Amino acid sequence: MREAVIDVSALTRRFGGLTALDSVSLVLPRGAVYGLVGANGAGKTTLIRHLLGLLRPESGTVRVFGLDPVADPVGVLSRIGYLSEENDLPGWMRVDELIRYTRAFYPAWDDGYAEELRQTFALEPAAKVKTLSKGQKARAGLLLALAHRPELLVLDEPSSGLDPIVRRDILGAVLRTIAHEGRTVLFSSHLLEEVEQVADHVTMIHQGRIVLTGPLAAIKEAHRAGERLPSLDEIFVTRVGSAAAPGPEV
Amino acid sequence: MRSAAGAIGWELRQGHGWVLIALAGYALVLGAVKILLPGAWEPATTEGPPEIAPWVMVPFSTIFLHFLAVFSFGLGGDLAARQSIYPARLFTLPVTTAALAFWPMLYGALAMASLWLATVLLAVLPLGLDLPLLWPGVLAVVFLAWTQALMWRPYGLKGLRVIVAVLWLTTLDAIVLLALHYEVPGRWMVAFLAPQLPLAYFAARLAVARARRGEVPDGRGILARLGKLAEALPRRRGPFPSPAAAQTWFEWRRQGWRLPASMALLLPFELALLFVASSERPGFVLYTLLGVLLTPPLMAAFAATTVSTSSPEERDAWGVSPFDATRPSTSAALVGAQLKGAMWSTLAAWLLVLIAIPLALTGSATWQPVIERTGQWIEAEGTLRVVASLVLVFLALLGWTWKQLVQNRHLGLTGREWLIKAGIFFTLSCFILIGPLGGWILSLLVMAMATDASRWIAAGLIGLKVSIAAWIATRLHRQRLVSARTLVTVAAGWLVVVLALYRLLDWLVTTPLLPRYLLALVAVLAIPLARLSAAPLALAGNRHRRPARPAMKTGKWVLRAVLVIGLPVVAILGASVPFFFLDRTTGAIVSSGEKREYLLHVPSSYDRARPVPLVISLHGGGSWPAYLENTSRWSELAEEQGFLVVYPAGSDAPKSWHVGRGAGLMDDVRFLSELIDTLEAAYNIDPARIYANGLSNGAGMTFVLSCTLSDRIAAVGMVAAAHSLPWSWCKDERPVPMIAFHGTADALTSYHGGRSPAFPQRMILPSIPTWTANWARRNRCGTSPVESVVAADVTRLEYTGCADDAAVVLYTVQGGGHTWPGGRPMPEWLTGVTSNGVDATRQMWAFFREHPLPGK
């Protein structure tokens, strides 16, 4: 078996009376695109925040690259590229300042690649971040997450910020390349179709519990009904019931 | 909530309950002050408001500002933006534009009117302030109406709103001030102000209408052209050498520039005062410069409170934003960058000050007083000392500014809202308490020093700081936030700096008033350690959030905040318990409209049928009756010899006798005279045998009594006298027998006279032998006094052959300090040696017995 990039065991986390993660265990080996799916509030973002060390486990352990992200933030974070759901890049920075600032933290930063991404994403160097549109901000965030060629790329709900073109062409192509290079991608989404297109493995999370995890093909095979392979959407409805079926964000 | 009016009213009410809570808390503090210091509510003089008035009025003006912000929607919008700050979401409601403008204006006007009504009922009338009752209220309403109109208008350029609003409202203010100056009657003021309300309403309605239609004028063309010019400048910069350098740049750009920017805005106004001052008013020039030098630390304290928020978009506005939290840096490195960024802020702000001051002094031709004062100082202290002091003061100001910027970062970095708000409230309540309670706190300090408790307090404070730092260090080490090596280096560095500062202070501070251990305390407390090292701990806790406890209820939040606000009050109350215990008095009378206290000792042998002598003993400056009773042991002797002794209390905090040319002196004389009346009415006192004596400032007062009540007081005694009035002040020529005791090693009131070390600017003390000779001349004694040795360290000088047998005696104690010979020793570091060669109390009593008032 390949070395595990992410190793979570028996992770539990409550916020007040709400149980966000309930004894979650998850081992993700290197070199694949993992889709984390679930309805809004299922616990996807909480799980990702634990991986980044932004939350201290209440019980259970979290290991990324075999390291504890709370105890060793430098060791873990310098090997991760992260695009947050909030996309809270400092508004006062210009795009070129943002690039210059961020590259200082990552020894593996690839200037050529960063410039290539900037041109592909059509980001004006002199533009202030706060003047960018939501989609452009997401592209800038993606640039920062990609340009140091991280071993693990974590995208929290990228679809909520990226427009359909970026989503289909760029994101799909980029994620594929990363996986082919032996690196790992973990992305969360409530849009099951999109996950179906991009991910090799799917982890389904519902009310803080993992209900399903495995290679996409194997999951579909297991849920085969007659001749036709079911869609992820249909599988989701069978597993967690139609009441919890994810839909577009309101 | 069926109507638009109701909805808008509800919206304006939301989330401002804390203002009422804060106001209630403040009222509690004021109530405590009123109970503890009842005198503060009465006017100190017959003219003018009582000193407490500003402290009562301040919260009302704060709420005035708060109302301006709330009712103009200024709290939710970006003041500098071109767009209207009227909330755009209201534009889509099915309501007319007129209603959108009208309701917030009406609610605002009602709120302002009620605020003024409350001010009148709670402050103006009870305090008897001389303020008109109607038009200030109308002014408040008009002021708000114009603020609303100007805030809701869209503008062509960013920041224009602020400039226009400031100019317009200042003009309105200026007109009102001019009217006040020319004493325009109140009805004219109302006639000027009231018609502005409809004007402001129409302006506001127009503003909301334009904003609703999205008509935002665009004046950015000019700026864009300027921007092009800036683009042409070369701005290619290489990569940062390290993550730390990048993060420091980030901190500087995010918040570091604020302090220098605010200094750049303030300095021109402050230094403009120099141009008004001119060289003829040297005091004004020096005070202006002092103000300028104190501005950076004060602004830093102000700036530091505004930097806690990290990202308003974040759900938890006080938390670390994911962008910051996912920096691949340790928490210690992130804090280090903040400290460094603050250092650059400090340096930039002070660079501005250092450039601006000489320019302003040259431009306004006001160098003269500065050069003169420095010259005097160099003459008195020597060049090396002055240069060293200046360098030290400058470094201290730099350090202080930086400390103000960083010392409370740990609170902001925890990301806990209640902690941050409580911290701000705590600082505010300390500021507020310093005003009315400052004198009282000072007298507690003096008392602590006089009773030697200050040693324990100093040791306690140092111990507290070091143990908190040690606890934080173990936490830092256990959580592996900082390496053991760094911890040891920081601790060693801190120790070296503290020792160096102590040595420097030891060399610079020459006054005997400050013991060395207080200097050590200053050195230990001045160099930051505990709170700074708490910052990485706080950031780590915020960055890697622990499981949250169940959400805190509002009640709990309020409880905690009240606890923290109440802490200074409780601390002061706690400290004052021993104060009340020690400062024992037995009675009080009202004199000159003030309550005056005294401590009376009646001997157990007292018999109403037999007249007894009365001894009045006056305490020293900053001391109190019970302390003098303890030191002088007059009560023990009174018990033994069967006379009454009374220890009256001086006034103010710290307590003192107003031996100077002010009005307070005659109040003190009247009090003592009325006290004699009161005691004579209650006890059978022999009118020929009333004597006065005192220590230090009390002895100075005794001299005053010999010149003002010489028909009632038979003889006087003085120990370590502080004569702050000149001999020529005394116009009374009646001989009064006098006995004095003075040590040659008295550091506070020198035997040979000269500047008082306590008030070198104001007080020049006479030589004691000369003073005694003057007294002998007053009593028309012979010119050749008799000198005798009474103990190894004590000589006695007596002028004989005086008129009315009014002898003059001086006991000189070789090596004696500012102490009561033969009495209970005072702390030796403060007052010097207490001799036992002579018992001042008994000698005085023997002298008094021989000198009853002639003719009674």
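Predicted model: local features only at pLDDT ≥ 70, side-chain atom pairs only at ≥ 80, totals over all residues.
**Helix packing and a chain contact in a two-chain model**

Helix 5 and helix 7 of chain B are roughly parallel to each other, because the angle between them is under 35 degrees.

Two packed helices are described by the angle between their axes and the distance between the axes. Here helix 5 covers residues 135-152 of chain B and helix 7 covers residues 186-193 of chain B; the angle is about 15° and the axes are 9 Å apart. The crossing of helix 5 of chain B past helix 7 of chain B is left-handed. On the helix 5 side of chain B, the contact is made by W135(B), V138(B), L139(B) and V142(B). Helix 7 of chain B brings G186(B), M189(B), V190(B) and L193(B). Look at the numbering in those two sets. An α-helix has 3.6 residues a turn, so residues three or four places apart point the same way. By class, this contact of helix 5 with helix 7 of chain B has seven nonpolar residues, one polar and no charged.

Next, the other end of the scale of angles. Helix 20 of chain B, residues 484-508, packs with helix 21 of chain B, residues 516-526, at about 140°, and their axes are 9 Å apart. That angle makes helix 20 of chain B oblique to helix 21 of chain B. Helix 20 of chain B passes helix 21 of chain B in a right-handed crossing. Which residues of helix 20 of chain B meet helix 21 of chain B? They are V498(B), L501(B), Y502(B), L505(B) and D506(B). Their partners in helix 21 of chain B include R516(B), L519(B) and A523(B). This contact of helix 20 with helix 21 of chain B holds ten nonpolar, no polar and two charged residues.

The axes of helix 1, residues 4-13, and helix 4, residues 97-127, both of chain B, come within 10 Å and cross at roughly 50°. So helix 1 of chain B is oblique to helix 4 of chain B. The crossing of helix 1 past helix 4 of chain B is right-handed. Helix 1 of chain B contributes A4(B), A5(B), I8(B), G9(B) and L12(B), and helix 4 of chain B contributes A99(B), W103(B), P104(B) and Y107(B). Eight of these are nonpolar, one is polar and none is charged.

Now chain B overall. Chain B has 30 helices and twelve strands. Of its 856 residues, 34% are buried. Of the contacts in chain B with a separation of 6 or more, 72% are between residues 24 or more positions apart.

On to chain A. Is its helix 1, residues 44-51, enclosed or open? Seven of its eight residues are buried, so helix 1 of chain A is largely enclosed by the rest of the structure. Among the buried ones are K44(A), R49(A) and H50(A). After helix 1 of chain A comes G53(A), with a positive phi near 85°.

Last, where the chains touch. The contact takes 32 residues from chain B and 29 residues from chain A. On the chain B side, helix 10 (243-256) and helix 13 (322-325) each supply at least two residues. Helix 10 of chain B gives the largest share of that side, seven residues. By class, the side of chain B that touches chain A has 15 nonpolar, seven polar and ten charged residues.

Methods. Residues numbered from 1 in each chain as written. Chains lettered and ligands numbered in written order. Contact = placed C-beta atoms within 7 Å. Helix = DSSP H or I, 4+ residues; strand = E, 2+ residues; numbered from the N terminus. Nonpolar A, V, L, I, M, F, W, Y, C, P; charged D, E, K, R; others polar. Axes fitted to C-alpha atoms, helices over the stretch in contact; angles between N-to-C directions. Parallel < 35°, antiparallel > 145°, perpendicular 65-115°, else oblique. Left-handed = near helix turned anticlockwise from the far one by under 90°. Buried ≥ 20, exposed ≤ 12 C-beta atoms within 10 Å, placed from the backbone.
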